[in-house]
Amino acid sequence: MNRFILLFIFYLFVFTCRSINVNINNNFKISKNLNFHFENNFNNNNKNNINRNNNNNNNNNNSNTTGKTDNSNNSNSNNSNNKDESKIWVFFNSKETKKSNISKISKESTKRRIDRSFPTSTSNLNPNFIDENDLKVSNNYIKKVLNCSNNKNTIELNHKSNWLNSISIQISPSIIDSNDEIIKCITNFSFVKSIDLVLTFKRNNLQQQQKQQQQQQKLKNNEEEKEEFYFKKDQYDNNNNLKITTTNNVIYNESFYGQTYFGISQLKIDKVQELGYNGSGIIILILDSGFYKSHQVFQHLNIIDEYNFVDNIVDTSNNYQGYESSSAHGTATLSLLAAYNPGVMVGAAYGSSILLAKTEDVRTESQVEEDDWIAAIEWGERLGATLVSSSLGYTDWYKYYQMDGTTRLAIITDIATEKGMLIVNSAGNDGNKGIGSPADGKYVISVGAVDQNGKVASFSSIGPSADGRVKPDIMGFGVKNYHASSSGYSSYSIGSGTSFSCPIVASGIALLMQAHPTWSPIQIQEALLKTASYSSKPNIYYGYGIFNAFDAFNYKFNDGLDNNNININSNCSNKGCSGYGGCCNDICTCAVTHYGEYCQYEKIGCTFTQCNDRGGKCQIDKFNQSFICIDHNIINNVSTYDPRDICPICTNANFTRCGLCGGNESQCILDNERFISSSNDSHNDGDDDHNISHRNKLIIGLTIGIGGFLLLSISLTIIILKNRKLSKRKNENNLKLNQINK
């Protein structure tokens, strides 16, 4: 009996724990920074194939690659994977303003700034489109900081950032005390504004790579491999150079795109391509882990420059011992962006010019990779990049509540936007855990993943950002994508992830930029979001929905564009603030419910599932609403921010009924009463379902737990009473036996 009760209690305890635990993450994930899940290699070379270079380690001899890079912002030291070191950002408060200190900017960069710059609320561009960000970091300041080395510790320069007016350094061996002699030396300089002693994080990726290889083998056993012809003689001239077919002779269907047709047609990119666009004239910067440039799908590419920011060398195709497939991820993403092998696979932006940047070190996960990413963005902007495709994301050393558009990477993306460069970034593969950085950037087009049925992939990171902005922005095809493999000249693979939906979306945006040469990044963002499949009701899973390139191509702005697409009413004094904000000094101050340059986008309210389950807590504002997730350790979670506080800087400012300065009451859709009581619950139906499910499971679990406790108490009481009765009877029987014996 006792054994039965104990066994019953044990199973009751297990069931109760399972009922309460509702946060189990079942998402299959292989890589962290590299936002992809799995690969399946095909290496079925046809006998008629020309035998070209199959060695990943050989350099591409493409005549269009200059091999010369103006990369004065980078140190000559290589990243290390085995050092005990601390990483520090040192920010300076001034720059040397002499003319010789201006960074060398290409004519392509200048033209892009003139054509596409859209000064934001933080912009400071002058009529010459040169600003303080183009001044180099002072070498005199850098030398003095490096001279703070002592007998115990050495300082090594990692990267310089003109835009942040800062340098990142590494101190060996590691220091953890802010009162350390080196820290005191650096902070005593009058030109040092601040320092950021970054929490050391480093993870070796060897075990992760082994796990990935096991998953690859598992996938190979489950998938049917197809024997295909990857080389067609009529696509090459007598010198074995790939011929790009002219638009007039092409029917943009599956026969042309091959295995990538579905992903392109799902996003209506083929409809734009039919009009004659292929990305020509657009310079695209792609950041990744390295690139196998000798693959057959890249033989047409116009690679105008490349740089390896991990090893501080020019070549981006090198591999490392034990990590021979380090260029696999970059090869895959580049092929989905701009491959050209008709009948097999085609990336829609095959006519664009490419800048290759290796910023990801597959051997380890560390904050140095963020430094590489920042350096690559500044490098690409100077060389004239108009569009960035980045299938990378960083979460290991961040908390979700920090994903509010204020990380260093997000700040860099803001500056890039001001200079006319659009950044497209994968949302991430962390599912319910949320997005990473730089996907949290205000102007970054963060891309989630859907399958062939348009259903969001289970691994695709959901939103919103920590400050309530809709994330991901849009969705693209990212499940079982066919792409080039780094294992051989004519090898192909299958993989899934937002890493693969990102370059497909970027390829479509390249066509839009070619078609609309004066659209700013902010205008392109609006065209994308207002025409996607969930544009009228965005949510945390799909964002604004599946990208529709053709509708975005035909989008009409409400901001006074003339026949030449020149923006003649670019500020809110003419356009207003969408009825959700006040215009002050040509800048919209938005109600707490909205965001965007013209307050045209509605925020998503903070909820328990989105914030508390990710390690934060919702902050309540002065209007009794919550749109911001903050650190759970902050005691006071009531915000003192009031958009009306900005009113004193306005000339003749007046208060509108929605609590904002500038404009007049007719511009204000929300009156104060509704403003206080409004919420975004209507946009979070799916999230509410999760909250209800969470609460129900919690209630059921607690009910079962309490019931079990009561049952246990009753059972123990019954056992005790029975034992007492048995003991009493036994005593009575013994007493009777004693009397009989006497």
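1. Please keep in mind that the model is predicted: local features need pLDDT of at least 70, side-chain atom pairs count only at pLDDT 80 or more, and totals for chains, interfaces and linings use all residues. Residues are numbered from 1 along each chain as its sequence is written, and side-chain values use heavy atoms, with hydrogens and water left out.

2. The chain has 17 helices and 24 strands (DSSP runs, H or I of at least four residues for helices and E of at least two for strands, numbered from the N terminus). Of its 742 residues, 57% count as buried (under 20% relative accessible area, with a 1.4 Å probe and protein chains only).

3. Now look at helix H3, residues 139–146, where Tyr 141, Ile 142 and Val 145 are buried. These residues lie on the same side of H3, because they cover an arc of only 100 degrees around the axis (taken from the directions from the helix axis to the C-beta atoms). In general, an α-helix has 3.6 residues a turn, so residues three or four places apart point the same way.

4. What do the buried residues of H3 pack against? Their partners are strands S2 (86–92), S3 (154–161) and S4 (166–172), together with helix H4 (181–187).

5. Asn 150 sits in the loop between H3 and S3, and is buried at a relative accessible area of 18%. Its side chain reaches the backbone nitrogen of Asn 153 at 2.7 Å, and a polar atom of that side chain lies 2.9 Å from the backbone nitrogen of Lys 152. Leaving aside neighbours within four places in sequence, Asn 150 is in contact (heavy atoms within 4.5 Å) with Glu 181 and Ile 182.

Methods: Buried means under 20% relative accessible area, exposed over 50%, partly exposed in between (1.4 Å probe, protein chains only). A polar contact is a pair of N or O atoms within 3.5 Å; within protein, one must be able to donate a hydrogen and the other to accept it, and residues adjacent in sequence count only if both atoms are side-chain atoms.
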